[in-house]
Each structure stands twice: as structure tokens, then as C-alpha cells.
Amino acid sequence: MDRAFKALADPSRRELLDALYRENGQTLGALCAHLDMTRQAVSKHLAVLEEANLVASVWRGREKLHYLNPVPIADIAERWIGKFERQRLRALRDLKSVLEEDTSDE
Amino acid sequence: MSKPSFVYVTYIVTTPNKLFNALIDPEMTRRYWANHRNLSDWHVGSAWRHEDYDDANEVDIEGTVLETDPPRRLVVSWASPGEAGDPAKCSRVSFDLEPLDKSVRLTVTHDDLEPDSERLRSITFGWPAVLSSLKTFLETGDVVPNIWAADPAANA
């Protein structure tokens, strides 16, 4: 679990996970094309994410495809979020998204 | 070979035999998979189904056993009830078990999913919760009471 928290502590790595959330199973090249990071930086961050098991990779021929693996995040949630809290937390999350989408003052 | 839709990986401190059995034994699946059981004779070509443990009329998923190599690999087709005969409506789930030093690496690959389908939505939510619950169950014996409690659709 230490590795997952360390990996998630970096904004560039979270951005990489966002990119995989939008489109799962991307190659290094495809990820670089959409992000404002050098190929070397993306490659380094992907290695940290793979080490933390937040990214799973699969070889398809000569292509290495990267997949978002949210299982360690589910493990974190399962450890600290009790079954009765989930409903209330969802209500708060929904409230937050509604309020943040609404930029008027009324 | 088409590109897999989802690849999920978890490391569980257990043995390949125990983990393989946990995927197919109705008494085991009940404990970590929201009181559901997986039923089949688990021979290649046989039907399998995922149903409510207490109500066999509540079948959630049906399919065919496509490959089996215990305790290393299990591949099944995956469809809504009544649609298992239509290849266009079937997706495919592979479970790969790889023994490590003291644990087993379990990779679940879900292929051939229709984009933007309801099935796609439920899987995005479902597998991480099922796999976390499976890990907790095998490592501690604890049962996660209701893994779908966080699913917005299940509580709508």
C-alpha cells in the first residue's frame, strides 16, 4: 500500500492515470502524444505506476499496452470505508459535483 | 487478436490451488462475490452461470467454459441471461494465475466488450471491488458484507 500512495502522490502520475481512464490500453507513444511530458518522463512515471500495480501492461505483438488497474485503490477504499459510510460519502460527492458545476451565485 | 478492454491485476497471499478453487466453488464465491455463486462442471464447452446464492432464478451472467487449465488459467464467455448463444453479445473473461514467492498474481482480462454498453459500465465498477473482496477473503477469512454498496446504479 505504501507504493500505491507514493505513486499517487505525484500530479504527473495522476495525469497519466487520468489519460488511461479516458482511454484504456494505450502504448507509451500514444500516451506521450497527448501529454505535455517527455517520453523519458512518461516512461519513468509508468514504471513507478507499474511497480505500485496501478498500471498493468499487456504485450500485443511488439506493442506494450498499458491499462489502468484500480484494484489497489479498491483495496484502500475497502480498508477504511465502512459499508454504512458509502451512501453518505456518495451523497457528499454528488453534492460537491453539483455545486462545483454551478458557477452562479443563486 | 483484439485489444483487451480491461486488465486487472491483484497479488494475493495464497496458493494457486486455493485461488483457482475460490473462483469456481459456489461456497467460496458466496463469501466474497456479494452472495453469488458460480455454477458449472467446469469442463470446456460446458455452460456456467453466476447467480444469487439464495435464489437460483436470479441469474446475472451466463456463458460457456472456453478454456481450463487448473490452477493456472480459466477462460469463460460472459453474457446476459438468454444471450449466451449469440456470439455478438458475448464478452470474454480470462483468469490467469501466476505463482510468485509467497503469493499468486491474478490477472483478470475482459475482452470483446461492446463500447458504451451497460455491461461495460458495471464491469468498470465491478471487477476492482470483487478482486479486493477476494483478496481480503483469502488473506484474512473476512467477508465483505455488500461489495455493491458503492455502486451508484445498484442503489438507484
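Which residue in S7(B) is the bridge partner of Leu97(B)? The partner is Leu106(B); the legends below place this pair and other features of the structure.

The model is predicted: local features need pLDDT of at least 70, side-chain atom pairs count only at pLDDT 80 or more, and totals for chains, interfaces and linings use all residues. Residues are numbered from 1 along each chain as its sequence is written, and chains are lettered from A and ligands numbered from 1 in the order in which they are written.

**View 1. Elements of chain B.**
Chain B holds three helices and seven strands. Helices (H or I, at least four residues) and strands (E, at least two) are DSSP runs, numbered from the N terminus. Read from the N terminus, the elements follow the order β-α-α-β-β-β-β-β-β-α. Of the 156 residues in chain B, 37% are buried. A residue is buried if 20 or more other C-beta atoms lie within 10 Å of its own, exposed if 12 or fewer, and partly exposed in between, with C-beta atoms placed from the backbone. Two residues are in contact if their C-beta atoms, placed from the backbone, lie within 7 Å. Among contacts in chain B between residues at least 6 apart in sequence, 38% join residues at least 24 apart.

**View 2. The sheet of chain B.**
Seven strands of chain B make an open sheet in the order S1-S7-S6-S5-S4-S3-S2, with antiparallel pairing. Strand S1 (6-12) and strand S2 (36-39) each have a single partner strand and stand at the edges, so one side of each is left without a neighbour in the sheet. From one strand to the next, the twist averages 20°. Axes are lines fitted to C-alpha atoms, for helices over the stretch in contact, and angles run from 0 to 180 degrees between N-to-C directions. Helix H1 (residues 16-24) of chain B lies across S1, S2, S5, S6 and S7, and runs at about 160° to S6(B).

**View 3. Paired strands in chain B.**
Two strands pair if DSSP finds at least two bridges between them. Strand S6 (residues 91-99) of chain B is joined to strand S7 (residues 104-111) by eight bridges, and the two run antiparallel. S6(B) and S7(B) form a hairpin with four residues between them. Six antiparallel bridges link strand S5 (residues 73-78) of chain B with S6(B), where Leu74(B) has Phe95(B) as its bridge partner. S2(B) and strand S3 (residues 47-52) of chain B pair over four bridges, also in the antiparallel sense. His36(B) has Asp52(B), in S3(B), as its bridge partner.

**View 4. Ser94(B) in strand S6.**
Ser94(B) is found in strand S6 of chain B. With 17 other C-beta atoms within 10 Å, Ser94(B) is partly exposed. Leaving aside neighbours within four places in sequence, Ser94(B) is in contact with Arg73(B), Val75(B) and Thr109(B). Glu67(B) is 27 residues away along the chain, and its C-alpha atom is 8.7 Å from that of Ser94(B).

**View 5. Loops of chain B.**
Asn35(B) is in the loop between helix H2 (26-32) and S2 of chain B; its phi is positive, about 60°, although it is not a glycine. Trp42(B) lies in the loop between S2 and S3 of chain B and also has a positive phi of about 60° without being a glycine. Pro71(B) is in the loop between strand S4 (59-69) and S5 of chain B, and the peptide bond to it from Pro70(B) is cis, with omega near -5°.

**View 6. Helix H4 of chain A.**
The end C-alpha atoms of helix H4 (residues 39-51) of chain A are 18 Å apart, which agrees with the 18 Å that its 13 residues should span at 1.5 Å a residue. The expected span is 1.5 Å times one less than the number of residues. Val42(A), His45(A), Leu46(A) and Leu49(A) are buried in H4(A). These four cover an arc of only 105° around the axis, which puts them on the same side of H4(A). The arc is that of the directions from the helix axis to the C-beta atoms. Gln40(A) and Ala47(A), on the other side, are exposed. After H4(A) comes Asn53(A), with a positive phi near 65°.
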